[in-house]
Amino acid sequence: MHNQDAAVQLVVFEVGQRAYALRVEQVIEVLRMVAISPLPDTPPWLAGMLNFRGQVIPVMDLRTRLGAPRPQPDLNTPIMVVTTGERMAGLIADVVREVISLPVSAVRAPDTLTGQAQVVATIARVRERLVALLDLERLLLTHALDLPLALEAAR
């Protein structure tokens with residue numbers, strides 16, 4: 001049964017002038033840019049590792065991952081600490097805009113033509129903009145963001 005009044009809460013952020021979102025329950029915290037320890041021999045989108053409350057987590061640069069031009073991060077660049085259950089990671093965005101609540105009916109599957117379709121779960125219409133809702137599981141899983149593997153590779 002689908003509740004017509006059901007709402008989904010999203011954290012809206014920008015990467016390279018495009019709007020993206022994650023479900024609010026997937027975002028643990030938004031940090032300002034902190035020291036990230038780079039790892040050798042890792043894909044270009046893996047910025048490095050971050051110590052978050054005593055836990056070492058991988059940090060993904062969303063600009064590189066989503067194919068946007070990459071300015072140097074500054075101290076105001078946000079890192080979203082996200083979780084998919086047991087897996088945690090940091091995601092570097094350009095700007096974290098807002099938390100919004102949308103009716104489930106405003107969220108629909110993306111057209112098959114979008115180039116990032118494998119990491120875009122759905123598209124939501126927010127006022128006059130289209131916002132791509134990222135599939136966090138797929139974003140983190142498809143590129144083996146397994147901490148033991150990344151740390152093993154770094155040795």
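Start by selecting Glu29, which counts as partly exposed at 27% relative accessibility. The model on screen is a predicted one.

**The chain as a whole.** Show the cartoon of the chain next. Three helices and eleven strands make up its elements. Followed from the N terminus, they run β-β-β-β-β-α-β-β-β-β-β-β-α-α. The chain has 155 residues, and 45% of them count as buried. Among contacts with a separation of 6 or more, 59% are between residues 24 or more positions apart.

Is Arg53 buried or exposed? Its relative accessibility is 66%, so Arg53 counts as exposed.

A search of the whole structure gives seven salt bridges. One of the pairs is Arg97 with Glu14, where the closest N and O atoms are 2.8 Å apart. Arg97 belongs to strand β8 (residues 95–103) and Glu14 to strand β1 (residues 7–15), so the pair links distant parts of the chain, 83 residues apart. Glu14 also forms a salt bridge with Arg129, at 3.2 Å between the closest N and O atoms. Since Arg129 is in strand β11 (residues 129–134) and Glu14 in strand β1, parts 115 residues apart in sequence are tied together. Colour the residues by accessibility: Glu14 is buried, with a relative accessible area of 12%, whereas Arg129 is partly exposed at 32%.

**The five-stranded sheet.** Hide the side chains and find the open sheet with the strand order β3-β6-β7-β5-β4, whose pairing is mixed. Its edge strands, β3 (27–32) and β4 (46–52), each pair on one side only. On average, neighbouring strands in this sheet are turned by 30 degrees against each other, direction ignored. Zoom in on β3 and β6, which run antiparallel and are joined by five bridges. Select Arg32 there, and you will find Pro78 of β6 opposite.

**Thr83 in β6.** Move along strand β6 (residues 78–83) to Thr83. Thr83 is buried, at a relative accessible area of 17%. Which backbone oxygen does the side chain of Thr83 reach at 3.1 Å? That atom belongs to Gly85. The side chain of Thr83 also reaches the backbone oxygen of Arg87, at 3.3 Å. Leaving out residues up to four places away in sequence, Thr83 touches Glu25, Gln26, Ile28, Met88 and Leu136.

**Leu91 in β7.** For the last stop, select Leu91 in strand β7 (residues 88–92). Show its surroundings: beyond residues up to four places away in sequence, Leu91 touches a set of residues including Leu22, Met60, Leu62, Ile79 and Val82. Leu136, Leu139 and Leu140 are also among them. Finally, draw a distance from Leu91 to Leu46, which is 45 residues away along the chain; their C-alpha atoms are 9.5 Å apart.

Methods: Residues are numbered from 1 along each chain as its sequence is written. This is a predicted model: local features need pLDDT of at least 70, side-chain atom pairs count only at pLDDT 80 or more; totals for chains, interfaces and linings use all residues. Side-chain values use heavy atoms; hydrogens and water are left out. Helices (H or I, at least four residues) and strands (E, at least two) are DSSP runs, numbered from the N terminus. Buried means under 20% relative accessible area, exposed over 50%, partly exposed in between (1.4 Å probe, protein chains only). Contact means heavy atoms within 4.5 Å. A polar contact is a pair of N or O atoms within 3.5 Å; within protein, one must be able to donate a hydrogen and the other to accept it, and residues adjacent in sequence count only if both atoms are side-chain atoms. Two strands pair if DSSP finds at least two bridges between them. Axes are lines fitted to C-alpha atoms, for helices over the stretch in contact, and angles run from 0 to 180 degrees between N-to-C directions. A salt bridge is a side-chain nitrogen of Lys or Arg within 4 Å of a carboxyl oxygen of Asp or Glu.
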